Amino acid sequence: MGTSQSREGLEVSDSDSDYDERDEEQEEENYEDAQTISTSATQTPTQLDEVDARLKALKLKYQSNTPSPSSSSSLPKNAVKLYLHIGGNTPAAKWIVADKRTAYSFVKSNDNEEVEDEENENDDNDERNDGKWYLKVGIKVKARVSTEMQLKMFGDQRRVDFVSNGVWALKFPTDESYRRFITEFQDRLFYNVYDLEPTEENKVKVYGKEFIGWVKPEVADDSVWEDADDASLGNSPRITTPVRSRDDLLEEFEEAANGGVQSLTLGALDNSFLVNDTGVHVYRNFDRGIHGKGVAVKFSGGDLRQHTANKALLMRAETNMMLMSPMSEGKPNASKLHQLDIETGKIVTEWKFEKDGADITMRDITNDTKGSQLDPSESTFLGLDDNRLCQWDMRDKKGIVQNIANSSNSPVLHWSQGHQFSRGTNFQCFATTGDGSIVVGSLDGKIRLYSKTSMRQAKTAFPGLGSPITHVDVTFDGKWVLGTTDTYLVLICTLFTDKDGKTKTGFSGRMGNRIPSPRLLKLTPLDSHLAGETNKFHGGHFSWVTENGKQERHLVATVGKFSVIWDFQQVKNSAHHCYRNQQGLKSCYCYKIVLKDESIVESRFMHEKFAISDSPEAPLVVATPMKVSSISLSGKRHG
């Protein structure tokens, strides 16, 4: 399950004089040889010509070397030292010098064109070149400037690490050159994301005046992060570096999952469920994880057999399950769903999505509130499509549950409330708080907050950071939102103080001008590389509580064969060492990893009531296509 300690943080050099000492020593030796040759030679014209030729050859050979350690101005423009990480995550892992004296440049290129050096461009705004910016380091590295590079800063070492067909590090000769590179990189990234020059005017255009702190965190009101320390979470373990030790993650159970697992649905009562291409498999909930009961509801035919359900939603005190199957491969949208009676093990009806007499589709469904699946009388749930947000009601318009037993046609869900937006919202995912407020993530990266009373207009709309939101979650109290993108997670605080001095969330009112900047949760470049270039983050979740006064303690997301766990309180702690010497939005790299032997379908924490006394958290359930595992976190504290 675990892997060895990450070697990503190893110092890339034993010497602070990365640009001078060894080269100078070699240079001095060669020039000493040259002087010996010249002084020992007799002064005949032929011999003098020979010595002169050899001196010229030496001068040409070494003229690119740095002349003097005391003169940083003599370094080449944009000078850096380039390192390559080898050995992966093995004990033999190390950094090697790939180029001890090279230079970087930012160059513009279309994907099918050779890059053009910045120095050769007359103007960065040259309209004839509408390509994207690339980072070029000597002849060894050319990488499109993007979040996929997973750039990580080490300000105290004047160093950045990044991914580009391997894991690389750049070491800078001065603090000034390091800071200049970071600023240039962030400006090029802004251009590549928004196709706009990184001017103050354009940044306000993209983010809005209220959210300028998202692009200039130094001006944001981050008092909510400073005040986030909660004594009630004092027993939560602290993680100082990426940890994969078996002492911290104890695998309680692992068993075969009958193959082809598509989704994991955890219950807060007796049972949890795995859906695969043959049916729904029932697991028993225990305080150390879940165990298979050997009971399954088999799909006997129809749409469920042809298209495996990609979404399962528990309802009515977890006695019923709504199963939604996509209409076609590769697209999540569905025109109907099936209702499974868990107690009888039968599909009791097939529901149609319809509005104003016309069939419509949904891409996602969720419960009305974070705890409503425990309500035995629950008859409504929420639906989301690209441009629709609504509530569906299984009762007829007179408020009576529809009689479906003798119906020859699929009954129609009643559109209870909602809104069909004009084109452009591109909704992707959504989640609800304990009181029924709704958070929605979009393709453009925006995250919108809707109150429980209106789905027509968002109370707050957070700007995108350039990456689509593929999954979203929210704490029970609505104070924190977690968005998942392919390359990072974004944690947003929704708290603000209104004009009357009252503390509210962005679900209940417009947040105004004092909006805190978000925090990013990322993998280190090494772990990102080990996870695989094609593997993306998905399914970021808070741990699971369904009561007021209870606090979520951890966050978990999946990427490739990794389940990645962050300590929630540590992420909120502004004094956390991860945030030192960072420019731009603060990024947290401290986490635990659960490593499986195949790609992970989903990772979720069980309901908090299943936490045991010697663990700070309920078990983590990890489902792969062939297995399901239950992992406990120890209460061991890290320094």
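Buried here means under 20% relative accessible area, exposed over 50% and partly exposed in between, with a 1.4 Å probe and protein chains only. The model on your screen is predicted, so local features need pLDDT of at least 70 and side-chain atom pairs pLDDT 80 or more, while totals for chains, interfaces and linings use all residues. Residues are numbered from 1 along each chain as its sequence is written, and side-chain values use heavy atoms, without hydrogens or water.

Start by selecting residues 175-194, which form helix α3. Helices (H or I, at least four residues) and strands (E, at least two) are DSSP runs numbered from the N terminus. The 20 residues of α3 reach 29 Å from first C-alpha to last, close to the 28 Å expected (1.5 Å times one less than the number of residues). Its buried residues include Y178, F181, F185 and R188. Just past the helix, D195 has a positive phi of about 55 degrees.

Next, go to S563 in strand β35, residues 562-567. S563 is buried, at a relative accessible area of 0%. Show its side chain together with that of S603: the two make a polar contact at 2.2 Å (N or O atoms within 3.5 Å, one able to donate a hydrogen and the other to accept it; sequence-adjacent residues count only through side-chain atoms on both sides).

Now color L491, F537, L555, V564, W566 and V571, which touch the most other members of the largest nonpolar core, a set of 28 residues. Such a core joins buried Ala, Val, Leu, Ile, Met, Phe, Trp, Tyr and Cys through side-chain atoms within 4.5 Å. Strand β35 is one of the elements supplying at least two of its residues.
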